[in-house]
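Here are a few friendly notes to read alongside the model. Have it open on your screen and follow the points in order.

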Amino acid sequence: MQNLDVRDFPVEHRVITEAEAARHCGLSIAHFRRLRKAEKGPRFVQLGIRRVGYRVGDLLAWLEERTSDFA
């Protein structure tokens with residue numbers, strides 16, 4: 001069996017923690033969790049019973065959807 005190396009994954013497929021995702025968006029973890037529970041946040045990956053992560057690509061797509069066309 002070959003070992004996986006995260007450095008071989010394309011950046012958009014890498015999974016970051018909930019705290020890292022919230023920080024990247026400039027939001028508190030509590031607000032980020034509220035968005036997830038209201039199904040208004042980015043797609044997430046269920047890593048365990050009480051642990052979620054976010055693919056970088058999904059996070060960037062969610063941010064892009066919220067980007068205003070007005071400058």
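How many bridges join S1 to S3, and do these strands run parallel or antiparallel? Please keep in mind that this is a predicted model.

1. **The S1–S3 pairing.** S1 and S3 run antiparallel, and 3 bridges join them. For a place to start looking, take Val15: its bridge partner in S3 is Arg55.

2. **Helices on the sheet.** H1 packs on the sheet, where it touches S1 and S3. The direction of H1 makes about 85° with that of S1. H3 also packs on the sheet, touching S1 and S3, and its direction makes about 70° with that of S3.

3. **The sheet as a whole.** The sheet is open and has 3 strands, in the order S1-S3-S2, with antiparallel pairing. S1 and S2 (residues 45-46) are the edge strands, each pairing on one side only.

4. **The buried side of H1.** H1 covers residues 18-25, and Glu18, Ala21, Ala22 and Cys25 are buried in it. Looking down the axis of H1, you will find these buried residues within an arc of 95°, so they line one face of the helix. As background, an α-helix has 3.6 residues a turn, so residues three or four places apart point the same way. The cover over the buried residues of H1 includes strand S1 (15-17), helix H2 (29-37), strand S3 (52-55) and helix H3 (56-65).

5. **Leaving H1.** Do look at the backbone just after H1: Gly26 has a positive phi there, of about 75°.

6. **The core.** The largest nonpolar core has 11 residues. Among them are Ile16, Ala21, Ala22, Cys25, Phe32 and Leu35, and also Val52, Tyr54, Val56, Leu59 and Trp62. H1, H2, S3 and H3 are the elements that give two or more residues to this core.

7. **A closer look at Leu35.** This core member is a handy one to click on. Leaving aside residues up to four places away in sequence, Leu35 touches Leu27, Lys40, Gly41 and Trp62. Of these, Trp62 is itself listed in the core.

8. **Arg33.** Is Arg33 buried or partly exposed? Arg33 sits in helix H2, and its relative accessible area is 39%. Buried means under 20% and exposed means over 50%, so a residue in between is called partly exposed; Arg33 is partly exposed. From Arg33 to Val45 the C-alpha to C-alpha distance is 13 Å, and the two residues are 12 apart in sequence.

Notes: Residues numbered from 1 in each chain as written. Predicted model: local features only at pLDDT ≥ 70, side-chain atom pairs only at ≥ 80, totals over all residues. Heavy atoms only, no water. Buried < 20%, exposed > 50% of the residue type's maximum accessible area, 1.4 Å probe, protein only. Helix = DSSP H or I, 4+ residues; strand = E, 2+ residues; numbered from the N terminus. Arc of directions from axis to C-beta. Contact = heavy atoms within 4.5 Å. Pairing = 2+ DSSP bridges. Axes fitted to C-alpha atoms, helices over the stretch in contact; angles between N-to-C directions. Core = buried A, V, L, I, M, F, W, Y, C linked by side-chain atoms within 4.5 Å.
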